[in-house]
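Hi,

Here is the model I said I'd pass on.

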Amino acid sequence: RQAAWIKQFPEVRFRVYGHTDSVGGSSYNKQLGLRRARAAVNHLVSRGISRSRLEAMVSQGESQPLILTQERERRNRRTVTEVSGFLKRHPSVLDGKYAQIVYRDYVASAVA
């Protein structure tokens, strides 16, 4: 679903962040979160998104939970994709209004 949305905007670049729950050590969770982000990037590439538009970022690890708990929490184990900018020299007209439309559609497409 996300890949289909991303395909609509070939001029947009994205960052993918991996998150974990608080089970496990901090170092392990950082590495796990980065592996999770890389897996999400690989999945998007397999769905036809150019790797040059995607960047797996250093994991947020356990530092940004959705649910505050020391227990296992599935909702904290996730990836987050954000718009990071636009490709240079793309033929689309890019202005502030267009960026607002892209952002609005991106937020509306999120599934909790």
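First, a term for what comes next: I call it a salt bridge when a side-chain nitrogen of Lys or Arg sits within 4 Å of a carboxyl oxygen of Asp or Glu. Before the details, note that this is a predicted model, where local features need pLDDT of at least 70 and side-chain atom pairs count only at pLDDT 80 or more, while totals for chains, interfaces and linings use all residues. Residues are numbered from 1 along each chain as its sequence is written, and side-chain values use heavy atoms, with hydrogens and water left out.

On to the charged pairs. There are five salt bridges in the structure. One of them joins the side chains of R15 and E82, at 3.9 Å from N to O. R15 belongs to strand β1 and E82 to strand β3 (residues 78-86), so this pair ties together parts that are 67 residues apart in sequence. (Strands here are DSSP runs of E, at least two residues, and helices are runs of H or I, at least four, both numbered from the N terminus.)

R15 also meets E55 in a salt bridge, with 3.6 Å from N to O. That one again links distant parts of the chain: R15 is in strand β1 (residues 12-19), E55 is in strand β2, and 40 residues separate them. Put together, R15, E55 and E82 are linked in a network of salt bridges.

How exposed are the members of that network? R15 is partly exposed at 28% relative accessible area, E55 is partly exposed at 31%, and E82 is partly exposed at 30%. My cut-offs are under 20% relative accessible area for buried, over 50% for exposed and partly exposed in between, using a 1.4 Å probe and protein chains only.

Another of the bridges is between D105 and R104, whose closest N and O atoms are 3.2 Å apart. D105 is partly exposed too, with a relative accessible area of 26%.

Now the rings. The structure has two aromatic pairs, meaning rings of Phe, Tyr and Trp (its six-membered ring) with centres within 6.5 Å; planes under 30 degrees apart are stacked, over 60 edge-to-face and the rest tilted. W5 and F9 have ring centres 4.7 Å apart and planes at 45 degrees, so they make a tilted pair. For W5 and F14 the centres are 6.2 Å apart and the planes at 75 degrees, so that pair is edge-to-face. W5 counts as buried at 8% relative accessibility, F9 is buried at 8%, and F14 is buried at 0%.

Last, have a look at R53, in the loop between α2 (26-46) and β2 (54-56). Is R53 buried or exposed? Buried, because its relative accessibility is 6%. Leaving aside residues up to four places away in sequence, R53 touches I6, F9, P10, V12, R13, F14 and L87, where contact means heavy atoms within 4.5 Å. F14 is 39 residues from R53 in sequence, yet their C-alpha atoms are 6.1 Å apart in space.

Cheers
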